[in-house]
Amino acid sequence: MARCVARELVEGSGIDAGRLVDLLVERAMAEVGNYYYYTLLRLHLVGVEGDALRRVIDDAREEDRNHYEVLVPRIFELGGSLPAVLGGSGGLAALQDLPAEADVPDILPVLLKSAEESVRAYTHLCALTSGKDHRTYNLVLAILHEEIAHQVWFLEFLGRGLAEPRSYHQRAISPFVTPFLQSPRVAGLKTPAYPA
Ligand code: ZN
């Protein structure tokens, strides 16, 4: 592998860079998997409750896509790469056998569990990088803020008798992660900033 200064600096701070990259790749796969399964799920939700949940899912879906977009450049900076085949069982991959019509009371516990898993994973990544790898730390902390918001939305949805949570109306998409986005739209670039 070519010399990778970012990786050397991270190693020098006492972090196992290989392990860190593995964890970041795992999260990137879970985020893009969530985006995919949220897309399927929103097509299957039925009824008034389903409409309300779909609006929440649309926001969570956009944000998880952004999480994927900001994780990928950091993985490449650290000398890592993404697997050629999308696999992984994290996140919403548990939803693989989606029913033809998704029942909101049945789906919510799965969404909550997945949000809790994300919060746990990013909390661990914060602890791993805190005071050592400042760039990864800032990134995973920003994502953590948004994952906690997803958890709150689903909890509120449950707590308010399956009505739309108030908190998700009060903010824009990805208020914490947007500064890290390098998407062509945001940066005015024609191609993504990470290697093809
Ligand atoms: Zn996410």
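The model is predicted: local features need pLDDT of at least 70, side-chain atom pairs count only at pLDDT 80 or more, and totals for chains, interfaces and linings use all residues. Residues are numbered from 1 along each chain as its sequence is written, and side-chain values use heavy atoms, with hydrogens and water left out.

**Overall fold**

The protein has six helices and zero strands. Helices (H or I, at least four residues) and strands (E, at least two) are DSSP runs, numbered from the N terminus. The order from the N terminus is α-α-α-α-α-α. The protein has 196 residues, and 43% of them count as buried. Buried means under 20% relative accessible area, exposed over 50%, and partly exposed in between, with a 1.4 Å probe and protein chains only. Contact means heavy atoms within 4.5 Å. Among contacts with a separation of 6 or more, 78% join residues 24 or more positions apart.

**Zinc site**

Glu31 (OE), Glu31 (OE), Asp64 (OD), His67 (ND1) and Glu147 (OE) coordinate the zinc ion, at 1.9 to 2.5 Å. Donors are N, O and S atoms within 2.8 Å of the metal (3.2 Å for Na, K and Ca); water is not among the atoms, so sites may look incomplete. The donor residues follow the spacing E-x32-D-x2-H-x79-E in sequence. Glu31 sits in helix α2 (residues 17-44) and Asp64 in helix α3, so this pair ties together parts 33 residues apart in sequence. Both Glu31 and Asp64 are buried.

**Helix packing**

Helix α3 (residues 47-77) packs against helix α5 (residues 134-159) at about 170 degrees, with the axes 11 Å apart. Therefore α3 is roughly antiparallel to α5. Angles under 35 degrees count as roughly parallel, over 145 as roughly antiparallel, 65 to 115 as roughly perpendicular and the rest as oblique. Axes are lines fitted to C-alpha atoms, for helices over the stretch in contact; angles run from 0 to 180 degrees between N-to-C directions. The contact of α3 with α5 involves 11 nonpolar, three polar and nine charged residues. Here Ala, Val, Leu, Ile, Met, Phe, Trp, Tyr, Cys and Pro count as nonpolar, Asp, Glu, Lys and Arg as charged, and the others, Gly among them, as polar.

**Single residues**

The table lists relative accessible areas.

| Residue | Relative accessible area | Class |
|---|---|---|
| Ile75 | 0% | buried |
| Thr129 | 0% | buried |
| Ser174 | 0% | buried |
| Tyr37 | 12% | buried |
| Tyr36 | 48% | partly exposed |

Ile75 lies in helix α3. Beyond four places in sequence, Ile75 touches Val21, Leu24, Val25, Ala28, Gly80, Ser81 and Leu82. The C-alpha atoms of Ile75 and Leu20 are 9.1 Å apart, across 55 residues of chain.

Thr129 belongs to helix α4 (residues 104-129). Neighbours within four places aside, Thr129 contacts Ile15, Leu20, Thr136, Tyr137 and Val140.

Ser174 is in the loop between α5 and α6 (184-187). Its phi is near 50 degrees, a positive value in a residue other than glycine. Most residues other than glycine have a negative phi.
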